[in-house]
Amino acid sequence: MGNYKICDFCGNLYERTNNRMCQSCEEVYRKIRSIVEVKPDTIVLEISNQTGVSVSRILSFVRNGYFVMKEGTIEVNN
Ligand SMILES: [Zn+2]
């Protein structure tokens, strides 16, 4: 068990790395980020539709400080 940890974002077990999230969440994060960077005015619901990622999963990145919520849209938190 020592080599595994629970992902803060999706709750899945993953092999321990230096990252805070599992590989699946990293891919999801990159997908969301690429949309937000190109079209910052895309609302969360639309991001969800485009990526197939649930709104609650997108909001878990907001909760963990990766994005900032702005009236229905999100910004990359640098
Ligand atoms: Zn995860």
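## Overview

Helices here are DSSP runs of H or I with at least four residues, strands are DSSP runs of E with at least two, and both are numbered from the N terminus. On that basis, the protein has 3 helices and 4 strands. Read from the N terminus on, the elements run β-β-α-α-α-β-β.

This is a predicted model. The mean pLDDT of the protein is 92. Of its residues, 99% reach 70 or more. Among the elements, H2 has the highest mean pLDDT, at 96. Strand S1, residues 4–6, has the lowest, at 91.

## Overall dimensions and contacts

Along the principal axes, the C-alpha atoms fill a box of roughly 40 × 25 × 20 Å. The protein has 78 residues, and buried residues make up 14% of them. Take the contacts between residues at least 6 apart in sequence: 32% of these join residues at least 24 apart.

## Helix H1

Helix H1 covers residues 23–38, which is 16 residues. From its first C-alpha to its last, H1 reaches 23 Å. That is close to the 22 Å expected at 1.5 Å a residue.

The buried residues of H1 are Cys25, Val28 and Ile32. They lie on the same side of H1, because they cover an arc of only 65 degrees around the axis. The general rule behind such a pattern is simple: an α-helix has 3.6 residues a turn, so residues three or four places apart point the same way.

## The nonpolar core

In soluble globular proteins, nonpolar side chains tend to be buried together. In this model, the largest nonpolar core has 11 residues in all. Its members are Phe9, Met21, Cys22, Cys25, Val28, Ile32, Ile47, Ile58, Phe61, Phe67 and Ile74. H1 and H3 are the elements that give two or more residues to this core. H1 gives the most, with 3 residues.

Ile58 is one of the core residues. Leaving aside residues up to four places away in sequence, Ile58 touches Ile32, Val44, Ile47, Ser48 and Val53.

Strand S3 (residues 67–70) and strand S4 (residues 73–76) run antiparallel, joined by 4 bridges. Two pairings can be picked out. Val68 has Glu75 in S4 as its bridge partner. Lys70 stands opposite Thr73 in S4.

The hairpin of S3 and S4 has 2 residues between the strands. In this hairpin, Glu71 takes a positive phi near 40 degrees.

## Leu45, an exposed residue in H2

Leu45 is found in helix H2. Is Leu45 buried or exposed? Leu45 has 11 other C-beta atoms within 10 Å, and a residue with 12 or fewer counts as exposed, so Leu45 is exposed.

Leu45 and Gly72 are 27 residues apart along the chain. Their C-alpha atoms are separated by 8.1 Å.

Methods. Residues numbered from 1 in each chain as written. Predicted model: local features only at pLDDT ≥ 70, side-chain atom pairs only at ≥ 80, totals over all residues. Expected span 1.5 Å × (residues − 1). Buried ≥ 20, exposed ≤ 12 C-beta atoms within 10 Å, placed from the backbone. Arc of directions from axis to C-beta. Core = buried A, V, L, I, M, F, W, Y, C linked by C-beta atoms within 7 Å. Contact = placed C-beta atoms within 7 Å. Pairing = 2+ DSSP bridges. pLDDT = per-residue confidence, 0-100.
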